[in-house]
Amino acid sequence: LAGTRIICDRKFLLECKNSPAARTPPCCLPQTPGVTSLAQSSLAKLEELKERNESEEAVPGEQPRAVAP
């Protein structure tokens with residue numbers, strides 16, 4: 001078997017991590033909920049947690065309620 005082995009040093013790889021190209025997803029990437037984008041249920045849960053945290057901050061003297069999952 002013949003092949004080409006690409007060897008990169010650690011410094012180069014760490015610099016690539018902060019590259020603008022590494023932070024931008026490809027334009028032709030399909031939108032798959034839960035994989036390439038947040039799932040709709042995850043978005044709903046995030047909004048619910050955000051609202052709950054805001055309401056707890058509004059009433060600091062009140063004990064937090066236990067919520068069943």
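Predicted model: local features only at pLDDT ≥ 70, side-chain atom pairs only at ≥ 80, totals over all residues.

User: What is the secondary structure of the protein chain?

Analyst: The protein chain has three helices and zero strands, where helices (H or I, at least four residues) and strands (E, at least two) are DSSP runs numbered from the N terminus. Along the sequence the pattern is α-α-α.

User: Why is Glu-56 called partly exposed?

Analyst: Buried means under 20% relative accessible area, exposed over 50%, and partly exposed in between (1.4 Å probe, protein chains only). Glu-56 has 38% relative accessibility, so Glu-56 counts as partly exposed. This residue is found in helix 3 (residues 40–58).

User: Why is Cys-28 exposed, and what makes Cys-8 partly exposed?

Analyst: Cys-28 is exposed because its relative accessible area is 68%. Cys-8, at 37% relative accessibility, therefore counts as partly exposed.

User: How many disulfides does a search of the whole structure find?

Analyst: The search finds zero disulfides. Cys-8 is in no disulfide, and the nearest cysteine sulfur, that of Cys-16, is 7.2 Å away. Cys-28 is likewise in no disulfide, with the nearest cysteine sulfur, that of Cys-27, 4.9 Å away. A disulfide is a pair of cysteine sulfur atoms within 2.5 Å.

User: What share of the 69 residues in the protein chain is buried?

Analyst: Buried residues make up 1% of the 69 residues.

Key: Residues numbered from 1 in each chain as written. Heavy atoms only, no water.
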